[in-house]
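The paragraphs below walk through it stop by stop, starting with a pair of charged side chains.

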Amino acid sequence: MKLLLILPKSERGYWGQISRKGKAGFIRLNLPTIAAITPGEWDVEILDARAKPVDYNAKVDLVGITGFTADMPSAYEIADNFRAKGVKVIMGGVHVSAMPDEALEHADSVIIGEAELVWQKALEDFKKGVMKRGYKAEHLCEMKSMAIPRRDLLDRKMFVTGFNSLQATRGCPFNCDYCTVTSFFGHEFRVRPVEDVIKEIKGFDRKDFFFVDDNIVGRPRYAKELFKELIPLKVTWGSQASITLAKDPELLNLYAKSGGKYVFIGFESLSQKNLEKMHKGWNSAKGYKEAIKKIHAAGINILGSFVFGLDEDDKTVFKNTFDFIMETGMDAAQFHILTPFPGTVTYNVLEKEGRIIDRDWAKYHTGEVVFQPKGMTTDELQNGYYWVFRNTYTIKNILKRCLRSPKGITYRIGLNLGYRKKALRMPYLHLTSQT
Ligand code: SF4
């Protein structure tokens, strides 16, 4: 029996797109993980629709599709086309789990929650011809002895970096209003046994990798144990972490010593009021500069993430954020327009306040305004976003930040040039328009 697992495309976003040469950023683990828990009697193929056209005449018995909110129009189109050919379609993922009824207009069945718990039951039912409309994971899955994702099913040539990605933990101990992590993975922060993680890394064909975890230091004791085991492997890696990393000198030192070369940190806002309102008050805006200094002193590059359009933001937020990035010598930064993803507190609040103005999921890629902000117009928010992105990645500003230290400069410049490519796709607005 043939199972075709499809990653749809996001038509409009700046993130996760395929380059002109058909290359993707890094490996997403969701479909390789599903493939790994699929019984051996199935012939499994993974198709990345971002890079390859979908063949609707292909001989397949079942199609599985997952994707982020912005991928949904593409996901639904693919599902509709297969179903028109009489092929059954099952869908899952964060968006589908939040909007199962919507997904069921396009799919024969949906998976709600973590697929590991119900996938095999869904396949058994499919074989018997009794596949249900929905399979709900009633609890969170155990992270012991997790299946190793079937990376062998991916076309490795289509990834720019070539490095592997893996997961050591799931969830986040925090619960920021706009984030889907806690609404999907629950409040419980779960960890894989360190020996399982190390075994998976030892099987890699390269010494560099990325932990896709939402917060690799979510449980500091576990993180320290993991980092200690990484030291003898002489690897280099990066991950996402909360800024609490900087508060624990031992953790920070082990992060660096174990090969942690860069860290994605969600600073989100320089306004403490914003942080508190979104339940991220433990991020202390006042302490950001000190934290950045400490992380840099440990030899770790910082990729900061900032969100615009929060209720306390007015149009000065763009220039203030840009100045902060330049002043702190932040190695790179990602910018996002606040986006009310279904399933989040932000979605519920904005919905209740009647402030969601666009429900085209294709625009939910954090680069387009889909809601009515409080402190500025939608145009000011959209243009400010373009402005800060373009200005952060001018050659002059890239060099200013990258020259902060000779150590790792090649890596930093490469990283910045990657972001610059995204920035160049955005309209250019003169600096004075934001001051
Ligand atoms: S700290 Fe990051 S991953 Fe955790 S809930 Fe907040 S935004 Fe999400």
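A salt bridge here is a side-chain nitrogen of Lys or Arg within 4 Å of a carboxyl oxygen of Asp or Glu. E114 sits in the loop between β5 (109–112) and α5 (119–128), while R190 belongs to strand β9 (residues 190–191), so this pair ties together parts that are 76 residues apart in sequence. Helices (H or I, at least four residues) and strands (E, at least two) are DSSP runs, numbered from the N terminus.

Before we go further, please keep in mind that this is a predicted model, in which local features need pLDDT of at least 70, side-chain atom pairs count only at pLDDT 80 or more, and totals for chains, interfaces and linings use all residues. Residues are numbered from 1 along each chain as its sequence is written, and side-chain values use heavy atoms, with hydrogens and water left out.

Buried means under 20% relative accessible area, exposed means over 50%, and partly exposed is in between (1.4 Å probe, protein chains only).

As a general point, side chains of opposite charge can pair when their charged atoms come close. Another example joins K224 and E250, whose closest N and O atoms are 3.1 Å apart. K224 lies in helix α8 (residues 220–230) and E250 in helix α9 (residues 249–257), so the bridge ties together parts that are 26 residues apart in sequence. K224 counts as buried at 14% relative accessibility, whereas E250, at 40%, counts as partly exposed.

A further bridge links K289 with E327, and there the closest N and O atoms are 3.1 Å apart. With K289 in helix α11 and E327 in helix α12 (residues 317–328), the pair ties together parts that are 38 residues apart in sequence. K289 is partly exposed at 38% relative accessibility, and E327 is exposed at 57%.

Now let us turn to the aromatic rings. A search of the whole structure finds 27 aromatic pairs. Rings of Phe, Tyr and Trp (its six-membered ring) pair if their centres lie within 6.5 Å; planes under 30 degrees apart count as stacked, over 60 as edge-to-face and the rest as tilted. Why is the pair of F211 and W237 edge-to-face? The ring centres of F211 and W237 are 5.3 Å apart and their planes stand at 80°, so the pair falls into that class. F211 is in strand β10 (residues 208–211) and W237 in strand β11 (residues 236–241), so parts 26 residues apart in sequence are tied together. Both F211 and W237 are buried.

Y385 and Y386 make a tilted pair, with 6.0 Å from centre to centre and 55° between the planes. Y385 is buried at 0% relative accessibility, and Y386 is buried at 12%. These two tyrosines are also members of one aromatic cluster, which includes F267, Y288, F306 and F308.

Next comes the ligand. Which residues surround the ligand? They are C172, F174, N175, C176, Y178, C179, T182, D214, K280 and W282, where a residue is near a molecule if one of its heavy atoms lies within 4 Å of it. This shell divides into 6 nonpolar, 2 polar and 2 charged residues. In that scheme Ala, Val, Leu, Ile, Met, Phe, Trp, Tyr, Cys and Pro count as nonpolar, Asp, Glu, Lys and Arg as charged, and the others, Gly among them, as polar.

H279 lies in the loop between α10 (272–277) and α11 (288–297), and counts as partly exposed at 49% relative accessibility.
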